[in-house]
Amino acid sequence: MKSRFTALKGVADVLPPETGLWRKILNTAGLVMSAYGYEEIIPPVIEQTELFLRSIGDSSDIVSKEMYTFTDKGGRSVSLRPEGTASIVRAYVEHNLPARPAPQKFFYSGPMFRYERPQKGRQRQFYQLGAECFGIADPAVDAEMITMVMAILGRLGLKGLSLELNSIGCKQCRPAFRERLREFFTPRLSELCPDCQRRYEQNPLRILDCKVERCGEIRKDAPLISETLCQDCRDHFASLVGFLEALGTPHVFNPHMVRGLDYYTRTVFEVKGDAGLGAQNAVAAGGRYDLLVSEFGGPETPAIGFAAGMERLAGLLRQEAAAPGPALFIASLGAEAATEALKLATRLRDGGTRVELGWGGFSLKSQLRRADKINAGSVVIIGEDELKSGKFKWKNLKDGSSGEAGREEILKQFSRAE
Ligand code: ATP
Ligand code: MG
């Protein structure tokens with residue numbers, strides 16, 4: 001069958017059982033984040049374009065190549081959001097939330113849009129969940145946020161993840177580093193890719209993030225930002241590392257990591273999954289952005305955040321879990337039995353138990369085959385004999401136990417059996 005319409009390139013439907021995994025990720029993340037004092041915020045998916053230019057930066061790949069930008073009917077330039085932080089910071093300042101006592105902690109989730117080359121783990125519409133914490137500069141908050149991210153991933157049962165850390169300095173020490181980088185790249189300028197030649201002018205730090213192989217080779221001996229950090233940034237980073245060690249959160253120092261967004265200051269981090277994800281293996285990333293709130297017109301407010309990619313998280317989870325089935329499958333033979341089955345199912349469903357029915361007209365054998373296929377926990381069979389005696393046969397498909405029970409007993413036995 002050839003579908004008349006297909007989804008756009010790089011834009012995917014999320015179907016069951018995948019949607020179950022997504023729900024699980026969102027629920028788990030929500031539970032962990034509320035234990036850390038985060039509350040949900042739901043910003044719009046569309047903003048004025050300027051918001052992203054001023055935060056993510058016009059030298060970044062996202063703004064220079066990947067934005068879904070268009071002019072609306074009122075002649076305004078608007079963009080679909082490529083990430084969440086800019087909107088949260090806008091909302092924070094717009095609604096005067098800095099007036100509330102610090103820290104203010106928010107989490108969000110939803111679709112993001114970047115016009116990238118679609119490939120495994122990279123889409124044009126993808127989904128992120130993330131969090132932002134406003135008002136505290138103390139590196140203990142960096143440690144808390146990173147530990148929360150690792151707790152979400154741990155609670156999901158993900159293993160084999162690695163956490164990479166770096167500090168990219170502040171407005172005191174970064175300009176000197178930018179100059180050192182420029183000096184380093186000046187004699188090699190013609191060997192860099194065209195994008196990096198532009199980056200050299202606009203923001204040489206971006207060259208450190210280029211994915212072109214040759215640029216990677218050229219920058220091997222580039223100066224490291226850790227060598228130029230000011231004393232405050234050095235102390236901040238050392239203190240963060242100390243907290244992580246005290247908390248037992250494993251981490252790796254990656255002096256080459258700079259991240260792709262302009263608003264970061266000091267701490268940046270990235271969590272990588274195992275090889276199963278292929279080249280696109282970063283599942284979560286984040287950092288501190290102490291200047292963005294004031295850049296948006298708010299008071300000077302230190303802040304830190306993270307975002308995780310749902311598709312990549314689901315990809316890791318898919319490798320580990322089989323789709324769960326209903327707790328109970330009720331097979332029935334004949335119209336009267338089907339009515340009884342429907343009544344029983346409705347009462348169990350009212351109590352929250354997931355129940356599937358084998359609709360009449362199919363043989364018992366084919367109904368049981370379906371129960372097996374959808375991975376049901378147990379089956380109950382209702383036929384003419386069972387209706388007469390008032391006793392229904394049940395079987396647990398997981399441990400093989402079986403028996404007979406009246407309606408009320410069945411209700412009790414399978415209430416919230418999931
Ligand atoms: P990458 O280096 O993989 O391009 P990024 O640095 O652009 O990632 P961020 O902007 O920090 O990513 O977004 C955080 C997370 O969102 C990433 O770690 C990843 O899991 C996910 N993500 C980013 N871009 C995409 C995309 N195009 N498709 C799917 N997931 C994505
Ligand atoms: Mg990217």
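Asp 262 is partly exposed, with a relative accessible area of 25%; here buried means under 20%, exposed over 50% and partly exposed in between (1.4 Å probe, protein chains only). The model is a predicted one, in which local features need pLDDT of at least 70 and side-chain atom pairs count only at pLDDT 80 or more, while totals for chains, interfaces and linings use all residues. Residues are numbered from 1 along each chain as its sequence is written, chains are lettered from A and ligands numbered from 1 in the order in which they are written, and side-chain values use heavy atoms, without hydrogens and water.

Asp 262 forms a salt bridge with Arg 206, with 2.5 Å between the closest N and O atoms; the term requires a side-chain nitrogen of Lys or Arg within 4 Å of a carboxyl oxygen of Asp or Glu. This pair links distant parts of the chain, 56 residues apart: Asp 262 is in the loop between strand E8 (252-253) and strand E9 (265-272), and Arg 206 in the loop between helix H7 (194-202) and helix H8 (213-218). Helices (H or I, at least four residues) and strands (E, at least two) are DSSP runs, numbered from the N terminus. Arg 206 counts as buried, at 4% relative accessibility.

By this rule there are 26 salt bridges. One of them joins Asp 142 to Arg 288, the closest N and O atoms being 2.6 Å apart. Here Asp 142 belongs to helix H5 (residues 139-155) and Arg 288 to strand E10 (residues 282-288), so that distant parts of the chain, 146 residues apart, are linked. Both Asp 142 and Arg 288 are buried.

The domain assignment, automatic or from a database, gives domain 1 (18-173 + 229-320) and domain 2 (328-414). Their C-alpha centres lie 47 Å apart.

Helix H15 (residues 407-414) has Ile 410, Leu 411 and Phe 414 as its buried residues. They cover an arc of only 100° around the axis, and therefore lie on the same side of H15; the arc is taken from the directions from the helix axis to the C-beta atoms. An α-helix has 3.6 residues a turn, so residues three or four places apart point the same way. The cover over the buried residues of H15 includes strand E12 (328-332), helix H12 (335-350) and strand E14 (378-382), as well as strand E15 (391-396) and strand E16 (402-406).

Note on methods. Contact means heavy atoms within 4.5 Å.
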